[in-house]
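Please keep the model open while reading this note.

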Number of protein chains: 2
Amino acid sequence: MTDREFFKVTSLETVLELIHTFPCVNEEILPLNQSDGRILSRDVISKIDLPEFNRSTMDGYAVQARSTFGASENMPALLTIIGTIEMGKVPTVSVNAGEVVRITTGGMLPEGADSVVMVEHAQTLDEHTLEIFKSAAPLQHVTEIGEDFQKGKKILSKGNRIRPQEMGVLAALGETRVQVYKQPVVAIISSGDEIVPIEQTPGLSQLRDVNAHTLTGLVRLSGGVPLYLGIAGDDLDELHGLCKKALVEADMVLISGGSSVGSRDFTIDVIQGFTDAEILVHGVSISPGKPTILARSKQKAIWGLPGQVASAMVVFHVMVRPMLEAINGLSKNRIGTTHEVSAVLSRNLASVQGREDYVRVKLVHQQNQVYAEPILGKSGLIHTMVKADGLVRIDTNSEGLDKGAPVKVILF
Amino acid sequence: MTDREFFKVTSLETVLELIHTFPCVNEEILPLNQSDGRILSRDVISKIDLPEFNRSTMDGYAVQARSTFGASENMPALLTIIGTIEMGKVPTVSVNAGEVVRITTGGMLPEGADSVVMVEHAQTLDEHTLEIFKSAAPLQHVTEIGEDFQKGKKILSKGNRIRPQEMGVLAALGETRVQVYKQPVVAIISSGDEIVPIEQTPGLSQLRDVNAHTLTGLVRLSGGVPLYLGIAGDDLDELHGLCKKALVEADMVLISGGSSVGSRDFTIDVIQGFTDAEILVHGVSISPGKPTILARSKQKAIWGLPGQVASAMVVFHVMVRPMLEAINGLSKNRIGTTHEVSAVLSRNLASVQGREDYVRVKLVHQQNQVYAEPILGKSGLIHTMVKADGLVRIDTNSEGLDKGAPVKVILF
């Protein structure tokens, strides 16, 4: 063993604490119908009660409940039909004892009525007379004023992601414009003399820039805006120049370099070229992904990712995505959780104590069970990533997992 | 009970078969970096071997394996260092017995070498002499030509969604432009005299158009392009006009109407106004979501969705999204599966035999278990959707589920 093995690695736990030391991106205002997927930058307080009127939840008859008390199949209550509620119009009738008004789902209860009898529990004898076969409770089939949302109450919290249902709520409250966090811009820089643009036919010993495209997809999937700045050869000035540009134009920088010890040192040198730069992490106790670098300059994160694309993907899912979510303002308790599913391991998996192992798995649905099936094959190969649905984590303190063990799968 | 209860309902199973009777959208060609999330419309066959050269997966020394046979800590093999492989350049040296060349991860193996010794298993005595402490096997730490992808082989299949790793593969293969299915355009029409645009302050008895915004988010989340055509009052001609426009401009039509029996009949009347229209489904045996309509005109699907937004969301997740994925070309075995997670029910849930029940749940992560916790409250309320993370399905033949039962949760 050489001294190189002993560079001090950081635990994943520590890295995941560090991601919260970076500031959030700024806010912007969007039209509601463009806000889906974004994260709220302000709490949403309702300016209205919802519903704003007592609303029927059934097709039937609005009635005073007490007019029906004691009604049964054998002893129906006889009531007088005094009109019909028109949708979207304020009722002009009011309901007294012994009277009913026809109403449809969503209709506004008229004055006097406190309950709705379903059509199924009633029968018209003639145009003006109704039999009711069942006693109705007060507020039965009625949504009361403010039952869904109350005026002045906090309805949605800052840090929540806007899903379709949140869009619905915001629409209901009349919030036509929404205050959200901007999408973080993530600069992507590839480095290495062997990397060529994908349009180019690589010479023997060269490779197309696979990482930049994989990272572009990952950034977009995580709510960021990818900004591809191109390939820097193994040239300190060139990489420094791209990095400088990235720190101006982006909120976070990803340098996907070679995974060799030499190219790691190279990335470190470039980062240290910035006067305010601070190397926070140089090596993480996970596998794959050990040669990861995290630094800070101008309050922004610079990640040095492993050159092997499969390792870079693991690092992205385990560390970069959580940071991206954090600087995008997602509330702390939601970071990471939405991408995990439970499964059962399909076979034994060995591991080394003292580091977290991430194993690629395919999800297999069989009967009522979801199995996580480890993908075999060298870790550096891209095809193992294509076959995989996600990653299983094996804990630092574990020597492995047994077949049948319950596992969490981080979905790709 | 009135006759209205007896309209013939269709099983969910039948509806999910019907979704495959609608044609796929057309193809288009996209630049690779814009293709993420799209679905491949052609198989991808590799035009090259990947890697195109024998590649080192470690930092170390390229060697003929047999030069190291028998080496150990006590009896190291002594070899001559004859040079260094430069990244991205074709090696000019060739390695004979007793010789090594320095190589870094990703480097091309020189002629003669068939194995790589890690730096950790070697030590330089001087500039030209290396001790190796461990016997190296042939092809150790080497990715062979074509080991990842072979020329002429099918690499990705038509019907696969392009994830970040698929973008990486396509980049590696030099596929700068990708043939994918277009995103289906989904027209959204709201109907009902009580519905007003969200910019407008609703009068008493009126409601803002919650459904259109919820559906906009749902369509986009499912890979479609929402096309909001506005609100038709309860006016046959107006709704017919919007529907006609929708059938020209969109690939699928969603009419979100009142959920009352009357407004269902109204939607049916409008659909039947198209000479080629065929009503396929009028009521589905699920709850909520029973008053769902599915029709076909000009080979396109017209859905009549329940007016209650919570019910419309369930119908969307259970039926509309699978159809959207199907007409978007997603392969049959992937439809729906990616949105389900496993959990354990946190309490007993009753159900009615003969229909599928969908219950809103919140996912609670506790220790090593994910619990599905049913959300209480009236089903029509929007706030139950905001609190929920997904839906638990209770089977047609079940009378309910017990606390602790394993369940599948369809994520929102």
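1. Begin with a backbone detail. Pro51(A) sits in the loop between strand 2 (44-45) and strand 3 (55-56) of chain A. In chain B, Pro51(B) lies in the loop between strand 2 (44-45) and strand 3 (55-56). There the bond from Leu50(B) to Pro51(B) is cis, with omega near -5 degrees. Most residues other than glycine have a negative phi, and most peptide bonds are trans.

2. Now confidence. This is a predicted model. It scores ipTM 0.92 and pTM 0.93. Chain A has an average pLDDT of 92, and 96% of its residues reach at least 70. Residues 1-6 of chain A are an exception to read with care: their pLDDT is below 50. This stretch makes 6 contacts in the model beyond near neighbours in sequence. Where pLDDT is low, the predicted coordinates should not be read in detail.

3. The core. The largest nonpolar core holds 190 residues. Which of them touch the most other members? They are Ile189, Val253 and Leu254, in chain A and in chain B. Ile189(B) touches residues including Leu229(B), Ala232(B), Leu242(B), Val253(B) and Ile255(B).

4. A sheet in chain A. Six strands form an open sheet in the order 16-13-17-21-20-18, with mixed pairing. Strand 16 (225-232) and strand 18 (278-282) are the edges, each pairing on one side only. Neighbouring strands are turned by 20 degrees against each other on average, direction ignored. Strand 17 (residues 252-256) and strand 21 (residues 300-305) run parallel and are joined by 5 bridges. Val253(A) stands opposite Ile302(A) of strand 21. Helix 4 (residues 236-249) of chain A packs on this sheet, touching strands 13, 16, 17, 20 and 21. The direction of helix 4 makes about 165 degrees with that of strand 16.

5. Another backbone detail to check. Phi of Leu139(A) is near 70 degrees, a positive value in a residue other than glycine. Leu139(A) lies in the loop between strand 9 (129-132) and strand 10 (142-143) of chain A. Is Leu139(A) buried or partly exposed? Leu139(A) counts as partly exposed, because it has 15 C-beta neighbours inside 10 Å. Leu139(B) also has phi near 70 degrees.

Definitions and conventions. Residues numbered from 1 in each chain as written. Chains lettered and ligands numbered in written order. Predicted model: local features only at pLDDT ≥ 70, side-chain atom pairs only at ≥ 80, totals over all residues. pLDDT = per-residue confidence, 0-100. Contact = placed C-beta atoms within 7 Å. Core = buried A, V, L, I, M, F, W, Y, C linked by C-beta atoms within 7 Å. Buried ≥ 20, exposed ≤ 12 C-beta atoms within 10 Å, placed from the backbone. Pairing = 2+ DSSP bridges. Helix = DSSP H or I, 4+ residues; strand = E, 2+ residues; numbered from the N terminus. Axes fitted to C-alpha atoms, helices over the stretch in contact; angles between N-to-C directions. Lists of a residue's contacts leave out its neighbours within four places in sequence.
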